[in-house]
Every structure is written in C-alpha cells, then in structure tokens.
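Open the model in your viewer and keep the selection tool ready. The stops below go from a single residue out to a whole chain and then to one more residue.

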Amino acid sequence: MRKLTMIAAIFAMVFAIHAGIGVAHAEDVVKVGNILPLSGPSASVGQQGKQAREMAVEEINEAGGIKSLGGAKIKLLYADSKSDPNVGVTEAERFINTEKVHVITGAWNSGVTYPSSAVAERYGVPYIVPVSVRDTITERGFKYVFRIAAKDSWWTRDQFMFLDDMQEEFGEELKTVAFVYENGDWGTGFAAQWEELAKEHGYEVVLNEPYPSSATDLTPVVNKIRRARPDVLLLTSNAADAILLTNTLADYKVSPKVIIGSGGGHADPTFLSATGDNAKYVFDIVEWETDVNKPGAKEVNAKYKERYGANLTGEAVDAYVAMYVLADALERAGSLEPAAVRDALAATEYSEGPGMIVTYDSIKFDESGQNVNAALAVVQVNDIGNGLERITVWPQSARREGYSPVFPMPAK
Amino acid sequence: MDLVFLLQDVINGVLMGSIYGLVALGLTLIFGVLKVINFAHGSFIMVGMFVGYWIVLFTGLHPYLALVLVVPVMFFFGYAVQHWLIRPIFIAERDVREPITVIIVTTGIWYVLDNLALLLFGPDYRALSPNPLKGEMLELGEIFISIPKFYGFLTTIATCAGLYWFMQKTRTGRAIRAVSLDRDAASMMGINQWKIFNIAFGIGTAVAGIAGVVLTPFYNVYPSVGVPFDVKSFVIVVLGGLGSIPGALLGGVIIGLIESLGPIYMTATWTEAIVYGLFLMVLFFKPSGLFGQKHDW
C-alpha cells in the first residue's frame, strides 16, 4: 500500500510540474472546482456526480476542448464537502483564493450549496448548481449563481400540470383530490403546496391526512381514503410506508382514478418487488428515468453503465448536462474573465447537443439564475411483458415510444 | 357517522390489537419471571420473521407451517441467549435484585442482531412471495376482514390459551410461577432457578417468533422491522401491567382500537400522540398497569 502511495505521489509531482509549465499560457486550461459530498451520508450521490462530470469533460476535451479559447481543455478539481456546510464554505474559499479556479460547481446538498454559492457570489466567480432543490438558492438576487435542476416547489407544480395534461389527453375529468403524506418536513411541505395548487386548479380537497412514517398499520388511513372517494390520491411516502400503503389500498380495493407518488419511497428499488402487482398503474414523479425518449439518452446511459456499473440517475444526468452547458458558455464567452463567463452563462440557450438527454427541451436561465425550463418527468408502473417497470409517460415529448398510459386506473 | 364504517374500524382495531398483544406477550413473560426488560424483543420478532420468510421462500409451504420450525428454533435461541449471555451477569451481580447491566446486555443483543441482519440481508424490504395469504380478504358487503390478520387473531388466542394451560397445569409451569413470585424461596424448595430462567426466556423468545410468523404474511421483512414493534410492546406491557398475560392482550386491543378509531375523528398523527399520552397517564396514575400486581418487585 505504502509503495503504491509513493508511486502516486511521484506521479502527482510530475503532473504538478507539468501543470506549472501550463501556467505560462494560462488559456490552455479551464479550472473547474467541484464541491461534492464524496464521503459521509450522501457519498453515493456525490460519487455519481463526480463520475458523470468526468465522463462529460473527457468527451468535451476529446472533441477539441473549448475552440474559442484555442482548444483549451477543462480540468476538474474536487473538494469533499462531507455534506458539511462549513467545509463547503472553506473549500469554496480555497478554490477561489488558492487554486484560482474559473468556475465552481456543486454541491448537491442544498445546505452546502446555499452558503458556498454565497462565497462565489462575493468574489464574482460563476457557480453552476446542477442539483440542489431548495427554492431560496436562486432567490437571493445573486448574479453568479445558475441552477440547472428544478426547484423544490416545481415538483408539486408538475404533479398538477401532469394531471391537467392527462385530463385533456384522455378526456377524463378529475374533481376531487386527497392528500396523504408522512408527517415530516418533506411531506408537510408538499402538502402545503398541494393545498394552494388544488385551489388554483379548481379541485375539491376531500382528505388531508398526515400519518407517522413509523406506523405499523395503515388500514385506518386507507379506510379514510375509502370513505373520501377521491378521484386523485397524492402521496408523499418513505419506503416502508409506501409499500404498506400500496398493499393495503389494494387489499381494500380502493381505486382512485389516479395515484401519484412524489419520488422518495415510491422510487425505492425495493418498492416494486415488495408490492408486486399492487403497484400496477401507480404514477410517480422523478427527475429522470433511463427510458426517457431523447436522442442519445440510451447511448450515454449505456456508456455510463459500462464504466461505472450502474444506470445514470437524475443527479448524474444533471451533472453531465452542467458540463456541456459550461462548455457552451465558455465557447461563446471566448475569454476566462469571470464577468464574461457569467454573461455568457446568463445568455445560455442550450437546446441541442450531446448534453440534451434531460426530460425537458432546453436550458435557459432567468434573471435569478434558475433554469426556467427545468422540469420533472412522470413515470407509470406497469408490466408490458418484461415484468413490472417504471415507464416514462410525461411530458409527452419524453414518453417512451409506443407506450400509452393507463388512465384512469382501472377499478380493482 | 356511518355505522358500517364504524364496525369496519372496530373489527380492524380488534384484529390488529390482538396481534399487538401477541407481539407484547413475550416481553411481559420474560419480565414476569426474570424481572428483566428485554430490549432485544423487537429483534427477536425480526429474527422470527426472517426465519419464517426463508422457510416459506424455500419450501413454498403455507406461512403458518413455518411455526413448526420457528417455535423450537426460537426457543433454543432464547434459551442459549439467557444461558450464555444473561446468566453470567445475574451471577456477577447477585447482590442486586434487578441488575441494570442486564438491560445493557439486551440492548447490545438488539444492536448485534439488527446489524447482523443488515450485513447478511441488506436493507431491502422483502414481502413474502409466494404467499397464499397475501391480499386475502373476507368481504361481507361493505365490510372487509383481512384474512391474514384474522389468522393472527386466532393464533393469539391459541397462544394465550396454551400458555395459560402450561402455566397452570404443568410442573414446569408451576415452577416458573413459583420463581416469578419469589426466586429465593423457590430455590429453597429445590427448583433450579437458572434452568427456569432459561426456559422462561426461551418461551418468551419463541412467542416473539410466533408474532414474527403472524406478521410476515401482511408486513414487510427488513432488518430494523423490530423497532416500531418494540416501542409498541413497551407501551402495551406498561398499560396492561408488567408480567401479566391477560394484561398484554387487553393492552394490545386498547392500542389497536385507539389506532383504528382515532383517525375517524382526527388525523393518524394524533392517534400516536394519544397512545403515548395514555402511556404517560398510566405511568403517572396507575404505574402497576391494568392487571399488574400491587406489590413491589
């Protein structure tokens, strides 16, 4: 082990000397500092983000780098935030003052992104946020912060947009809605937003029921749903309770016209195996799904899977896209001046190219730096010959080819 | 309030409550004899669930047939845990009537078992499949009765009756009762206190195993599944009276009815608050519980 470390150290030194020569013509390298949770509780998503970034940057560099900068290559630097906001802030300072990076990206945890992006703003260094959902990250009047993924409040917004679109497409009217959610931060937050959206979209709320996620029996909740007879059942559940609810709903033959989950427990890999056919026709909202009907999505996923042994996740896709958005902005900026890069990012209208494997049609930032087009996808659980799987159905442009959603849900 | 729906909730409350009673039964048994609060009780239920789960998965037999294997396996498991892990502490702290170290040991067993299961089986939620009981419902007009829960109810009655018979009629049962009343006097009468402790702990563990088998057809199996049932068991046992078999049953049914009927008038989150509120009230006004013995241990 020690020998290996020695060899690695020597290599690192050689590279360092090499990089030192590079400084002589600084335009050759674009330094991008990435703050990610590479260890600690969120390490797995941090690693996904790192791998996706590396894959994208390798592709960009192989294709000739940034041409308007004389073929400059992108160089990625990493800092491990350990999901700790304090570490995030220190690392942002280090990136800017010591490493002299041109751009920062990060930091997955909203709690780390929030303060570390404030550091970047203070120094005037562009900060790209691939994923971090907290609304307020782009609501502080900052000029240098750009977010690609959807905000927290857009998840609920898209659930209602999906309902609107489905009613129109299938000519089925939905009038009443029930909210059933775990009584934590996440569930109650969603429920508050549902309440407003239901009013705006003209639904009658027939049930608003929080339940403890540790409940050992959800029959009483299911009986309440049965009594309320909603057309639409909106759920926010963790894994154990999502499974218990789905099975109990089927036992009591409760069939609303639509059941929509909010990611979380419904997206847990064990959800399908533990519920089996009871999960059939349930809808769930997600950031991305492997079957999304976008040119290149399949190939990128296959390449990623071959390299890292797992499918792309929503997190990884956003990180991958972020690198292409950066390359596109640098190309148009033609300079590494922070202000020029910032202005180019602000003028982004990225709608085609290798990065467009997301569910939405283009990336375009508003005044606050939020990607206005960021959206989510809705999947339906169904068995079309290959066992139960999650099939993308919404937005229509991303729907799996040849699949027609089952809507409304047939009575059980 | 629609009477049919009320009846539906009462039925579900009694069925689920009786199963809660079964879940708490092993805990109250062990306390009654050893005067030890077994924090590993939830983990024993989890072990019973996993044993039952694997048996059904490999043999495809009816889930309840797993009892034939689960009961003896869990009995000897509990017997061994008491003999090898708990007895030495009793001996080391023989001056103390209720050694606190034993509680720490049972907590240790809880952590070890849960993490061992996590290591061996991963954090996945498993549902029994093939499972002839899954989703089986008896439909009486608007009223639905869950068959797996009804079987659980019958099993609870049978287990309680069997235990009652065992305690009253057999020599070992009488010896267990004697030790639970006064272990020193029982020892002087020629009863081997340690053997009785082993047997009582074994029975308590076997009952936890039965509860595990009853839960498996309609609940998911995962390494930390015991935790919510553990907490519930403590509330039930305190409510019914520590060490009392009918107390555990009645305590379970009361909790089941609160959980089932509460949500008619309020949200499900509040019923949990009511259960814990009741727990505190009992501790405050009648610490011996509904059926608990008055005298100080």
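## First stop: Lys294(A)

Select Lys294(A) and show what surrounds it: beyond its neighbours within four places in sequence, this residue is in contact with Met356(A), Ile357(A), Val358(A), Thr359(A), Tyr360(A) and Asp361(A). Keep in mind throughout that the model is predicted.

Lys294(A) sits in a loop of chain A, with strand S10 (283–286) and helix H10 (297–308) as the elements that the loop joins.

Is Lys294(A) buried or exposed? Its relative accessibility is 14%, and the cut-off for buried is under 20%, so Lys294(A) counts as buried.

## Second stop: the whole of chain A

Select chain A and switch to a cartoon view.

Of the contacts in chain A with a separation of 6 or more, 68% are between residues 24 or more positions apart.

Of the 412 residues, 57% are buried.

Colour the side chains by charge. Chain A carries 39 positive and 55 negative side chains, and the centres of these two sets are 4 Å apart.

Select residues 30–383 of chain A. An unreviewed UniProt entry annotates this range as "domain: Leucine-binding protein". Within the range, 43% of the chain is helix and 17% is strand. Pick the C-alpha atoms at its two ends, and the distance between them is 47 Å.

## Last stop: Phe77(B)

Move to chain B and select Phe77(B), which belongs to helix H3 (residues 67–92). At 27% relative accessibility, Phe77(B) counts as partly exposed.

Which residues does Phe77(B) touch, not counting those up to four places away in sequence? They are Phe44(B), Leu113(B) and Thr205(B).

Phe77(B) and Phe201(B) are 124 residues apart in sequence, while their C-alpha atoms are 9.3 Å apart in space.

Conventions
Residues are numbered from 1 along each chain as its sequence is written. Chains are lettered from A and ligands numbered from 1 in the order in which they are written. This is a predicted model: local features need pLDDT of at least 70, side-chain atom pairs count only at pLDDT 80 or more; totals for chains, interfaces and linings use all residues. Side-chain values use heavy atoms; hydrogens and water are left out. Buried means under 20% relative accessible area, exposed over 50%, partly exposed in between (1.4 Å probe, protein chains only). Contact means heavy atoms within 4.5 Å. Lys and Arg count as positive and Asp and Glu as negative; His and the chain ends are not counted. The place of a charge is taken as NZ of Lys, CZ of Arg, CG of Asp or CD of Glu. UniProt positions are given in the numbering used here, feature names are shortened, and annotations may be inferred rather than shown by experiment. Helices (H or I, at least four residues) and strands (E, at least two) are DSSP runs, numbered from the N terminus.
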